[in-house]
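Subject: The structure I promised you

Hi,

Here is the structure for you to look at. Open it alongside this email, and then read on for what turned up in it.

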Amino acid sequence: MQRTLSLRAGILSLALLALILLGWQVAVSGSARTEVMDPEYAALMGQTATTGKSAMPGPLDVGATIWKHLKDPFYDRGPNDKGIGVQLAYSIGRVALGYGLAVLVAIPVGFLIGMSPLMSRALDPYIQILKPVSPLAWMPLALYTIKDSSLSAIFVIFICSVWPMLINTVFGVAGTRKEWLNVARTLEVSPIRRAFTVILPAAAPTILTGMRISIGIAWLVIVAAEMLVGGTGIGYFVWNEWNNLSITNVITSILVIGLVGMVLDQLLARAQRLVTFPE
Amino acid sequence: MALFDNPFDARRRFARGGCSCGAHETQAAHEAARPTGDAAIERAVEATMMRALFPHQAERRAFLRSVGLSTAAAAVSQFLPTKFVAEAFAEAGKPEKTDLKVGFIPITCATPIIMAKPMGFYEKQGLNVDVVKTAGWAVVRDKTLNKEYDAAHMLAPMPLAITMGLGSNPVPFAVPAIENVNGQAICLANKHKDNRDPKNWKGFKLAIPFDYSNHNYLLRYYLAEHGIDPDTDVQLRSVPPPEMVANLRADNIDGFLAPDNVVQRAVYDGVGFIHILSKEIWDGHPCCSFSVAQDTIREMPNATAALLRAILQATAYASKTENRKEIAAAIAPANYLNQPVTVVEQVLTGTYADGLGSVKKDPKRVAFDPFPYESFAIWTLTQMKRWGQIKGDVDYAAVAKQVYRATDAARLMKQDGLTPPEATTKTFVVMGKTFDPAKPEEYLESFKIKRAS
């Protein structure tokens, strides 16, 4: 039963894909009416204007572009033109730094806050206010105070991905079952040992959930931040291709961004499964 | 207060009868005691800044009395450009730093800055320059203020705005070279093909690249001359150039006055047509500038001078029409403008499709003339004041002289065997009206539609 279900789901997925691609191809293949132009004039105009070809690329164009990028992902032709692999590496590096910092801050701080109901209540309003702030709202402030655009991008990732982890850690730590803590107290376990052997395993699934939400946010933020500060990274790549009005490349990068985001998410999902325990 | 009086003196009045400071028996004796030379210009800049900070005399006097003279002078000079770059552009010496970063926005205005890289003008000066594409004007400004860029491509009014602290902290900037003159156009959506009279443009949504741009001032000027009040009759939006074509296609805007390749790209993609070129508003108007912080010039005078030499040489090369095709091919690739070559070529050679079905030929569509005439800055300042971006009195000549480094450019051009113009100011004609840089206030007075009181 389980096998046939996944088989059927797979077939349905593929059918949907085929349907989407087909619909896409049909939607863009029609050509608009064009006026008759004299050849000298037409030579100066783009295809959209001369042949009425849709400005939206079809799946075949996108496929060709993806292939072109995959064939040579690591080229470097000066500071403003690098392969998609190089751009991804820059973005992932920035996310790793900003997100790593956020983990280092959010989990210990979350632990401390979670163990004290007083702190938990007192800090809650601040966390709630800072949590929903958009990354782009932080950007001007970061650029102004840090005075370095790549550090600003990392700071923005940090500040945006720290909150879900912090909240989840607090929640997980505060929600450790009373019985377990009482058992630890009865056995006269030292506070540090209690934190690592009782609270941490108990809170781990919730913490990992927070980390998973955060990595998604970090990956969302990096694209926006790089579009703004420019220079390198997949966000800059999107901006640069938008500048060229190359929808084909923009679609390509949307796919790539989605793919990398999924991989990052799945990595943390794996980790989450490792620490989950049956109640 | 006379121009060269000490503006930090609380007792001094801006308007006066007799000797303005009270320390001299007659006005003649007062005048004789005034500073001269560079000190005089410095004092004039200080006075302008104090006027801008404290448009009301009572406030200025109260401020000076309450904090004391020296504190006020220190506080104000800390963030106001009262010291001069003076003789910073020294004789050709060894550059203090050879790895430089120059920011640019991907439009054809940046041609000299960009082409100097692939065509080896920087290299010839012994510099290793990275030209870095940047996402928008505000980001260029911030990265240059942060010193991430040693110099940058900015809209010609931006260094004036930055120096005076409009829209950012006041940081003294310099424009040692203009990049291009002309080369912009008003582009309208195809649906307005039969609506070419600006008088009928009430309710239009028009885009400009930035608030502090000559595009903004030229479009406002053009509209106002046709009886359209740019603040109330139409909506002007600041939109980064790359987004303009997309917005025009999406019907979010009716048109824009934008830098080129953007305009030509709209034509190329069949979404808009060229209503008029900006040279039909003011033939020979400056658009973009090569801008450096005055601090940077002071810190590394030789490197900035070498950079400027490369820019001046590149501009001279670009000013010859026979070189334009070669330049178009050099700057169109993804590393620079990232545009189809034919679009860039149409802009630079001036043989272009106008979007209405005909091929136009105008070799002067864009021209390259590096000389930063002070009168350009004065005109820009009159328009900033006209539309309420600057409040209070402006010492046009002093600010212009401080930011637009015509004298420095002339000296470097001479050293390099180029011929600079004789004078650092000139009169010019904007839509049939002559602008005399010596009489900015009268010019401003002559407009019917304006925000300045």
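Let's start with helix α7 of chain A, residues 135–146, in what is a predicted model. How far apart should the ends of α7 be? The helix has 12 residues, and at 1.5 Å a residue that should come to a span of 16 Å.

P135(A), W138(A), M139(A), A142(A) and L143(A) are buried. Around the axis they cover an arc of only 135 degrees, so they sit on the same side of α7(A). Here is the background to keep in mind: an α-helix has 3.6 residues a turn, so residues three or four places apart point the same way. On the face turned away from the buried side you'll find the exposed residues A137(A) and T145(A).

What covers the buried residues of α7(A)? The cover includes α8 (149–174) and α10 of chain A, and also α7 (137–145) of chain B. Just after α7(A) there's one more thing to look at: K147(A) has a positive phi of about 60 degrees.

On chain A, 29 residues are in contact with 30 residues of chain B. The elements of chain A that give two or more residues to this side are α2 (39–42), α3 (47–51), α10 (191–229) and α11 (234–243). The largest share, four residues, comes from α11(A). Sorted by class, this side of chain A has 14 nonpolar, 10 polar and five charged residues.

You'll count 12 helices and zero strands. The radius of gyration of chain A is 25 Å, while the globule rule gives 19 Å for 279 residues; the chain's value is well over that, so chain A is more spread out than a compact globule. Its C-alpha trace spans about 90 × 60 × 35 Å along the principal axes. Of the 279 residues of chain A, 33% count as buried. And if you take the contacts in chain A with a separation of 6 or more, 69% are between residues 24 or more positions apart.

Cheers

Technical notes: Residues are numbered from 1 along each chain as its sequence is written. Chains are lettered from A and ligands numbered from 1 in the order in which they are written. This is a predicted model: local features need pLDDT of at least 70, side-chain atom pairs count only at pLDDT 80 or more; totals for chains, interfaces and linings use all residues. Two residues are in contact if their C-beta atoms, placed from the backbone, lie within 7 Å. Ala, Val, Leu, Ile, Met, Phe, Trp, Tyr, Cys and Pro count as nonpolar, Asp, Glu, Lys and Arg as charged, and the others, Gly among them, as polar. The radius of gyration is taken over C-alpha atoms; the globule rule is 2.2 Å times the number of residues to the power 0.38. A residue is buried if 20 or more other C-beta atoms lie within 10 Å of its own, exposed if 12 or fewer, and partly exposed in between; C-beta atoms are placed from the backbone. The expected span of a helix is 1.5 Å times one less than its number of residues. The arc is that of the directions from the helix axis to the C-beta atoms.
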